[in-house]
Amino acid sequence: MSRKMLITIIVLLVFVLSGLITIQIKMIKTASDIREEQFNQLVQNALFRVSGQLNRNEERVVSFNATNYRLSGAGAAAGSSNVFPRAGRGSISFDMSYSNNGVVSSYQEKYSLNIQEPATSIDTTEKHSIADLLGLEELLETGREFDRRQQARLNDIFLYQKFKLQLEELPIKERIDSVSLHEILTRAIHETGIDLDYKYAIKNSNLGREKIIMGDADYNPKSKKEYPQLLFQNDISGSKPNYLYVYFPKRSGYLLRETGVTIIPTIILTGFLIAIFVYTILVILRQKKLSNIKNDFINNMTHELKTPISTISLASQMLQDGTISNTPQTIEHISKVINQESKRLSFQVEKVLQMAVFNEGRLKFKFKEFDINKVIQTVINNFELRVKSKNGTLTSELNAENGMIKGDEVHITNVLFNLLDNAMKYSNEIPEIKVTTENRKDEVLVSVEDKGIGIAKEHHAQIFDRFFRVPTGNVHNVKGFGLGLSYVKKIVDSHNAKIKVESVVNKGTKFIILFPKINQ
């Protein structure tokens, strides 16, 4: 996959994922806003019912007082009734009017009754005159009874208004019983299905200054949302700036729990989607990197295998063509070249196969206890000739008094050979290598230090990767597959040990291995 194609895919994935996350965030916010609006509406409805209940409670008190403490002769009333006897052909007329001026209203009623009988004959008139007079008396009595009822009703209205105005003039603290208010408020909030603790207070906002009149002693909303409700807004003399305030200390957590059924699965799925996206991008980048490393490995391996093959082919061709004299010395030299190159070729192939076996988990260890100082001394004795062939120096400081460790001696020996081989290859013209051991608490420290070309800091974490080789531009004076340090890292990890590198460019490199110590 080309770099341009890879960048295009990543950009498209980022765009799609960003759009999806934006939509999810918008949906979550919408669901949260809807739930918050529902909560606010439920609380306002509860407070409205509380205000209505307080009004009804006060109206009952006023009605009770007006009924049981009615004043006699209250109100200015005027009434008249006129009865006209029959005259001429005979007619009866009844007229009654009533008016009352209350404290804040006026009331007036007027009744009239006209009875006329056609004069058919004197006998008929005389015959019905007594009955007509009796009916008129009953009618007058009915009017008087109605008048008394109206008078009583007007007295009740007058008293109701009087007591109502008297209560309205009282301070809000005297109009409301705190115990009753708390019971009404608790019942109203629980009926909405909101199971939350609340704090309440009654405030007066006269002249733009708020003052708490009564309520919870620890009422302190700070930045929390308050819900206000105007009290006694149906007062005859007009409502006063007295408000019932309520807030819920755990409102945010409640809303989050209520909307969590919708929000939490969405957040989890979105998180998984982001994680999968990031993992996919990392895998693509890693595969791209591995592809480049493997291409370099194949090119390097081709060169490494081609050189001994070419040498062997050339030597065998020289023997076959007879272009040189077949003297014993010549044949011996050519045979020696063929043998050395064959060993070199076999070593390179064996190295690749060894890493393949190790990665497949088929490599078996034979753990035993041994002294690392003795193994290091043996390795130094075998490696010293190679260093001296380049006029270099290989020194050792085996200071570990207790060098006993548990591991596979063969693989530990290979690790040391690999580190010394790297120190040799990446040194300058004259190698200077130093091997050190020492005890540190419960560990045995082994270090291999050189004065070579060093490793840049940005490559320290990569040098233990398979096939990785520190970039050297167009210079290819050091041969290898990039498998040596990868093998070292795997062997060290298999022995529950730790390895780290300290290196400065053009000053040298130091590899440090910490093995668990075995107490004697």
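Reader: Is K498 buried, partly exposed or exposed?
Author: This is a predicted model, in which local features need pLDDT of at least 70 and side-chain atom pairs count only at pLDDT 80 or more, whereas totals for chains, interfaces and linings use all residues. Residues are numbered from 1 along each chain as its sequence is written, and side-chain values use heavy atoms, with hydrogens and water left out. Buried stands for under 20% relative accessible area, exposed for over 50% and partly exposed for what lies in between, with a 1.4 Å probe and protein chains only. K498 has a relative accessible area of 48%, so the class asked for is partly exposed.

Reader: Which residue meets K498 in a salt bridge?
Author: A salt bridge requires a side-chain nitrogen of Lys or Arg within 4 Å of a carboxyl oxygen of Asp or Glu, and for K498 the N to O value is 3.4 Å. K498 lies in strand 13 (residues 498-504) and its partner in strand 12 (residues 443-450), so the pair ties together parts that are 55 residues apart in sequence; strands here are DSSP runs of E with at least two residues, and helices are runs of H or I with at least four, numbered from the N terminus. The partner, partly exposed with a relative accessible area of 23%, is E443.

Reader: How many residues apart in sequence are the parts that E58 and R175 tie together?
Author: E58 forms a salt bridge with R175, the closest N and O atoms being 2.7 Å apart. E58 is buried at a relative accessible area of 7%, and R175 is buried at 13%. Because E58 belongs to helix 1 (residues 3-68) and R175 to helix 3 (residues 172-175), the separation of the parts they tie together is 117 residues.

Reader: Which residue is linked with E58 and R175 in a network of salt bridges?
Author: The structure holds 14 salt bridges. In the network that includes E58 and R175, the residue asked for is D235.

Reader: What separates K388 and E384 in helix 7?
Author: The side chains of K388 and E384 meet in a salt bridge with an N to O value of 3.7 Å, and E384 is partly exposed, with a relative accessible area of 25%. Both residues belong to helix 7 (residues 372-388) and are four residues apart, so what separates them is about one helical turn.
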